[in-house]
Amino acid sequence: MRTITNNKYIVLVILILSVTSVSFTIYDQEQKLIEDIYTHTDRSFYFPGETIWFKSYVVDTDHNITTLSDVMYAELISPKGTVVEQLKIRINQGYAYGNFDTKEEWAGGVYTLKMYTHWMRNYGEEIFFTKKLTIQKVVQPNVLFTLKFEKEGYGKGAEVVANFKVKDLKNKPLSNKELQYEVAVKGEKIISDKFSTDAKGVARPRFMLPMDLSTADVVFTVLMPYNGTTESISRSVPVILDTIDLQFFPESGNIIAGATNQVAFKALNEFGKPVDLSGEIIDSNNEIITQFKSYHDGMGGFSLLAQSNVKYYARITSPFTSKKKLPLPLIKEKGVTFSATTDSTSTILRLFSSIDEELQLEVSNGSKKLLNRSIAKGEKVVKIFTKDMPIGITRFTIKNQNKIPIAERLVFLNKDRQLNIEISTDKENYETREKVTVHLKTMDKKGKPIPSNISLAVADNKLLSFADDKQDNILSYLLMSSELKGKIHKPIFYFNKTEPKATKALDYVMQTHGWRNYLTEAVITKNNVRFLPEQEDIHRGVVLNKSGKPVKAHLLLFDESGNKVLVFDTNDKGQYLCKLGKSRSYTLIAYTDTKESLRIVETASKRGYYASRHQTNNGKDTRRVKAFVGNTLPIKKPIKKKATASVTLDESSAALEEIVIVGYGIDRKKSLGGCISYIKSNDITENSNVIELLQGNVAGVSIVNADGIYGSAHKIHIRGNATISGNNQPLFVIDGVVVSSESMMNMDTANIESITVLKDAAATSLYGSPGTNGVVVVSSKNKKHISNS
């Protein structure tokens, strides 16, 4: 199902910008169904008693908005592993909003945020989204420190070099400042010295580790006197002892004799952290064959021309010299190996095969096959045009004549196909509590503006600096971390456009991590699962004209209070499908632009499914379960200026094409410029009517008698919409509900809070084709003018 929303005029509200760009996928009973969740929090560090705001994005394997589940669970887990809060949140248009209120008495430490749907439980907790959050009472720093080490590993007697930077709270470098550093081993200070920053507030302090070092417990601390206090920052030095786990990964699975094989490697310390090292490859006679050196975060690669019946070993030479000989994978006498290089347009495979037969190449991602082609005998180079394939991890598999995989490689395609976001403010500097106006623009890689859905958080920079959070962002998680085995160290590095090593380093990630089990195991479908997706009621029907023939029509759905509106269209065959919420009754209205007589026939309804409350594996406290209904924005303080129409749009997972969703509501006046006129309550006089209020008070609006005869009914014309014949009347809306002109004219003006007149693009962008002649929107004082009772 394709959904189109008209979103020309969008308003940025505190913390969240919501622009709907919806792509729906329809699932059949036997289709492989996987959901992913990424959750954006306003920050990763909190003080006890503060509120944790979050927005979750729920997608399918193609990273389209999910239409499988309508409910998401959110858990906040304490450092001891118990669930302190659990929320049950409605998923609306693929997004879910919520918050956790922390308590002053909570113990400090690292808490875990966990998100999942009922359907995701079929795959185990491996697929759940988790994020670490620190809740701690600390003294906020008065300066902004940055401290990193040049390498990810140092051995005994090695020189340690730190990259240090300091700024004040206004992001201005603190230049030519004298500071002190200390080095402690097992808590005992062994080195203390001074250093100074340069004109850019940057310094590179260095020191030597002891030759007899026998522990990895080494801490480096920088101290700086500033405004009468001493500011400090500490980091553990990545000390490497002879306990490294060095793993080797032949590029396509095996090292083949007679071929120049590409071999990747990954080095981890005893704590699972990456280690930068170098070494040499030797044979059984201790002859040096080649050398290797890590490229980024303990990962790297080397070429090996393998010989038959020869065993190869690796020996570490830096950051320490090891006497251990680490064996490489055994050499296979026959087989297939290939290397892969990719750019923005194509991927080239270079093959070596000692098998005398035609081969098959299969290209696939986590959800489907993308390409199949044969590889002729002796064919050594295969070029695949991949620029039109989806962004993300793609598997290249070579199979023999029996369709058995014999060589395989993961490749990340089209990394440059990312959303570009421009953000600017109306001023560079602001006074305390001064209003800030933020301008956002989203574009594709060619600079073409495109609609998007964005979550925006505003946080204290010194807290972000203190937290030094390197966890996943939405790009690295959905496209990489959620699909690969193992923990990826500082994953956001690989999608940082300013990092020159990012692209090559990302390819080493592809070679050293395999796909997660849920992407390669047996297919889970709706027919073979234990946990069904939680879904709302689904209503199907068709709109017929007075002749009983299906007709395309506009639809309006009201709940029992008359203030919750779903606005959508049928398809060309008059068919529609919509999800129903928790209201006890609904009113569905159909109409066409030609105002012909219609009737609605219900063809089928499907009851929704909600799981009973389940016990989590982390603890027993599941009592505090909250239900978030609707697209609730995370704003706790009362809003003084409210919109004139309270609107929630619910999308559908219909197996229908060309469903058009149009939102009925009002944007802020400033965002619409000259296309909007506004009459407030203090401008409305008693003993008047709507005609008298509009006449002379709204530019571009004219009131005429219907037939040019005195005493006949009035007609309202809005600038630029008069025609020689036909209906020129504007659309009338009271409290979010479309009404007739008679209802509008007969409304008691004493009950009117405000009148808004939309013209030109402002009307059609919000109300679609019904707003072509303009829109007159009235907000009543009690918001109960329309009732379905």
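**Entry 1: surface and overview**

How much accessible surface does the protein have, and what share of it belongs to carbon and sulfur atoms? I looked it up: about 39300 Å², of which 49% belongs to carbon and sulfur atoms. Accessible areas come from the Shrake-Rupley method with a 1.4 Å probe, and for residues only the protein chains shown count as cover.

I noted that this is a predicted model, where local features need pLDDT of at least 70, side-chain atom pairs count only at pLDDT 80 or more, and totals for chains, interfaces and linings use all residues. Residues are numbered from 1 along each chain as its sequence is written, and side-chain values use heavy atoms, with hydrogens and water left out.

I found eight helices and 52 strands. These are DSSP runs numbered from the N terminus: helices are H or I with at least four residues, strands are E with at least two. Of the 789 residues, 49% count as buried. Buried means under 20% relative accessible area (1.4 Å probe, protein chains only).

I then checked contacts, meaning heavy atoms within 4.5 Å. Among those between residues at least 6 apart in sequence, 66% join residues at least 24 apart.

**Entry 2: two sheets**

Strands of a sheet pair through backbone hydrogen bonds, either parallel or antiparallel. Here two strands pair if DSSP finds at least two bridges between them.

Eight bridges join β17 (residues 218-226) to β18. One pair I located is Pro225 with Thr230 in β18.

Another open sheet of four strands runs β23-β22-β25-β26, also antiparallel. Its edges are β23 (288-293) and β26 (326-327). Six bridges join β22 (residues 278-283) to β25 (residues 312-318). Asp283 has Tyr312 in β25 as its bridge partner.

**Entry 3: nonpolar cores**

A nonpolar core is a set of buried Ala, Val, Leu, Ile, Met, Phe, Trp, Tyr and Cys residues joined through side-chain atoms within 4.5 Å. Which residues have the most contacts inside the largest one? They are Phe54, Met72, Ala74, Leu76, Phe100 and Met115, in a core of 41 residues. Elements giving two or more residues to this core include β5 (51-60), β6 (71-77) and α2 (474-479).

Leaving aside neighbours within four places in sequence, its contacts include Ile37, Phe54, Leu87 and Met115. A second, separate core has 29 residues, among them Val160, Phe207, Val218 and Met224.

Terms used
Buried means under 20% relative accessible area, exposed over 50%, partly exposed in between (1.4 Å probe, protein chains only).
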